[in-house]
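Subject: Structure handover

Hello,

I am passing on a structure for you to look at.

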Amino acid sequence: MNKPPPFQCTARRSVFENSRFNIHADTLVQEDGYRVNDYLVVEPQQSNAEGLTGVMILPEAEGKFFLLRIYRHPIKKWGWELPGGFMENEALHLAAHRELREETGLECHPKDLINLGETAPCPGVVNGRIAMFVAKNCTHVGPPTDTQEPGLGQGKWMDQKELVGLMARPDGIQDAVTMMMILLYLQKEAA
């Protein structure tokens, strides 16, 4: 299945950059001559050798799961999400432990951090992949240390029924990776 792409990128124009992302407008030309101008590509500025740019963590303790309430400006809605964020020149497991502590005030023993794999959150636009983890047997060790995350509200422990119920509510889980991780974890636990 390693076929070449069905188009060529004939031009790239950098249109914006900030401290986290480079934004490009690419020109794509298919074999039949069809042309797409200004194809949006968002690239995180930092990644590891495998191309991973961030981490996301599903905190678990005593059969309950911890989610964060957050307001997302682009969609103008509150929703529930798992903690996570960008890597900062560190190993994956260290990034997961750091993000967990920063956003939730929770920690877990290194042996209780379980890698669930990788995913591309929005592969049609974002050139980045994230590593997914479950943090089992989490304990509260203090307040969150990242208080500057825009829109970040309070976190809440939820049982499986409440967690699954949030997936169907319009004010529930909006983030596709959060939903996918929960379903992936519950499926693995049921097997």
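Predicted model: local features only at pLDDT ≥ 70, side-chain atom pairs only at ≥ 80, totals over all residues.

Overall picture

The chain has 191 residues, and buried residues make up 38% of them. Its secondary structure consists of three helices and twelve strands.

Pockets

The largest pocket has a volume of about 1300 Å³. Its lining is made of 38 residues, and those nearest the centre are Phe 21, Arg 72, Glu 81, Phe 86 and Asp 175. Which elements supply at least two residues each to this lining? Among the strands they are E2 (21-30), E3 (35-44), E4 (52-61), E5 (64-72), E7 (84-86) and E10 (129-135), and the helices are H1 (92-104) and H3 (176-190). By class, the lining of the largest pocket holds 22 nonpolar, eight polar and eight charged residues.

The second largest pocket has a volume of about 210 Å³. It is lined by 14 residues, with Glu 103, Pro 144, Gly 153, Gln 154 and Gly 155 closest to its centre. E5, H1 and strand E12 (152-158) each give at least two residues to this lining. Of the elements, E12 gives the most, with four residues. The lining of the second largest pocket divides into four nonpolar, seven polar and three charged residues.

Cysteines

How many disulfides does the model contain? The count comes to zero. Cys 108 is in no disulfide, and the nearest cysteine sulfur, that of Cys 138, is 5.1 Å away. Cys 108 counts as buried because its relative accessibility is 9%, and the cut-off for buried is under 20%.

Cys 122 is in no disulfide either; the nearest cysteine sulfur is that of Cys 9, 18 Å away. With a relative accessible area of 37%, Cys 122 is partly exposed.

Two buried loop residues

Met 167 is in the loop between helix H2 (160-166) and H3. Is Met 167 buried or exposed? Met 167 counts as buried, because its relative accessibility is 17%. Not counting residues up to four places away in sequence, Met 167 touches Ile 173, Met 179, Ile 182 and Leu 183. Met 167 and Arg 12 are 155 residues apart along the chain, and their C-alpha atoms are separated by 38 Å.

Asp 112 is placed in the loop between strand E8 (106-107) and strand E9 (113-119). Asp 112 has a relative accessible area of 10% and is therefore buried. Leaving aside neighbours within four places in sequence, Asp 112 is in contact with Val 134, Ala 135, Lys 136 and Asn 137.

Most residues other than glycine have a negative phi.

Asn 137, one of the contacts of Asp 112, has a positive phi of about 55° although it is not a glycine. Asn 137 lies in the loop between E10 and strand E11 (139-140). At 45% relative accessibility, Asn 137 is partly exposed.

Asn 89 is not a glycine and yet has a positive phi of about 50°. Where does Asn 89 lie? Asn 89 is in the loop between E7 and H1. Asn 89 counts as exposed because its relative accessibility is 71%, where the cut-off for exposed is over 50%.

Regards

Notes. Residues numbered from 1 in each chain as written. Heavy atoms only, no water. Disulfide = S-S within 2.5 Å. Buried < 20%, exposed > 50% of the residue type's maximum accessible area, 1.4 Å probe, protein only. 1 Å grid on protein atoms, 1.4 Å probe; cavity = no way out; pocket = protein on both sides within 12 Å on 5 of 7 lines; lining within 4 Å. Points joined across faces, edges and corners; volume = space filled by probe spheres on them. Nonpolar A, V, L, I, M, F, W, Y, C, P; charged D, E, K, R; others polar. Contact = heavy atoms within 4.5 Å.
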